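Let's take a walk through this model together.

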Amino acid sequence: MIAPALSDASNAWLAHQRALAGAAENTLKAYQTDVLGFLAFMTQHNGGSQGLAPIARVSVRDMRAWMAHERGRGVGARSLARALSAVKSFYKWLAEREGFEPTAVLSTRSPKFQRKLPRPLEESAAAQMIETVAFQSKEPWIAARDVAVVTLLYGCGLRISEALGLTGTDVPLPEVLRITGKGGKERIVPVIDAARDAVDAYLDLCPYPVEPDTPIFRAVRSGPLSPRVIQRVMEQARLQLGLPATATPHAMRHSFATHLLAAGGDLRAIQELLGHASLSTTQAYTAVDAAHLMSVYEKAHPKA
């Protein structure tokens with residue numbers, strides 16, 4: 001059993017992450033699971049309830065034992081790297097607060113893993129996806145709703161949570177949307193005519209009134225629309241189109257970024273549109289093939 005002092009410390013750290021770091025709730029839940037799992041292991045590993053003092057003396061050997069335990073129970077390298085990152089963040093905060101040296105934890109090397117690059121859809125496939133989504137429901141307002149959501153994902157590069165988070169205060173859609181994304185990061189997103197038209201078409205058919213403080217996109221029984229509904233609709237559409245399982249709502253956002261870059265968009269500008277803190281994250285999103293880049297290079301380079 002984790003000592004109360006440690007449980008209190010982890011809760012205080014999570015509150016710090018929520019208030020100052022602006023971490024999203026899903027991220028906080030993952031942090032909590034990872035850190036409490038680590039503390040539970042150390043409690044058992046060292047033979048009894050561990051207060052702050054024993055935890056402050058965690059050694060490199062202890063860290064190796066924890067990582068070996070996690071791998072032994074089937075935790076993958078990517079998940080273990082995420083857990084280690086959470087533990088390091090907690091220890092850095094705790095060390096500053098309690099005044100101990102956290103080198104053994106902070107110097108622990110993260111397991112190597114190959115990052116999975118996103119797989120955007122081809123431009124024609126993205127257009128076909130939107131068209132096919134329209135035929136997944138016999139209810140005209142539901143079909144229009146699903147088309148509007150998917151069009152926002154592809155046309156504006158929104159995350160599905162951001163699209164479903166739009167409220168009555170956002171309609172009619174303006175030329176630019178002010179979106180609050182991960183970590184409370186705010187960005188400005190231009191709204192293309194196709195996205196505005198799709199949302200207007202849905203609102204014309206929606207049987208529920210849209211108030212300033214209510215979500216635009218509604219479920220069948222009027223509650224907020226679940227992301228899972230859109231995921232299922234796209235699953236049905238991709239089966240009909242013969243597209244791979246990677247053709248998900250998030251793939252539409254990847255496609256937005258990739259197609260913009262392929263058309264000559266600036267990587268820094270696309271970073272701002274997506275709301276990425278790191279340019280390397282944007283580079284992973286924009287999977288433009290080498291042949292296309294070479295074609296652009298040959299056409300544009302003065303020495304070509």
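The expected span of a helix is 1.5 Å times one less than its number of residues. Helices here are DSSP runs of H or I with at least four residues, numbered from the N terminus. Before we use this, note that the model is predicted: local features need pLDDT of at least 70, side-chain atom pairs count only at pLDDT 80 or more, and totals for chains, interfaces and linings use all residues. Residues are numbered from 1 along each chain as its sequence is written, and side-chain values use heavy atoms, leaving out hydrogens and water.

Now find helix α5, residues 77–98. Its 22 residues should span 32 Å, and the end C-alpha atoms are 31 Å apart, which agrees.

Among the buried residues of α5 are Phe90, Tyr91 and Trp93; buried means under 20% relative accessible area, with a 1.4 Å probe and protein chains only.

Next, look at the rings. The structure holds nine aromatic pairs, where rings of Phe, Tyr and Trp (its six-membered ring) pair if their centres lie within 6.5 Å, and planes over 60 degrees apart count as edge-to-face. Trp13 and Phe90 form an edge-to-face pair because their ring centres are 5.6 Å apart and their planes stand at 70°. This pair links distant parts of the chain, with Trp13 in helix α1 and Phe90 in helix α5, 77 residues apart. Trp13 counts as buried because its relative accessibility is 0%.

Conventions
Helix = DSSP H or I, 4+ residues; strand = E, 2+ residues; numbered from the N terminus. Buried < 20%, exposed > 50% of the residue type's maximum accessible area, 1.4 Å probe, protein only. Phe/Tyr/Trp six-rings, centres within 6.5 Å; stacked < 30°, edge-to-face > 60°.
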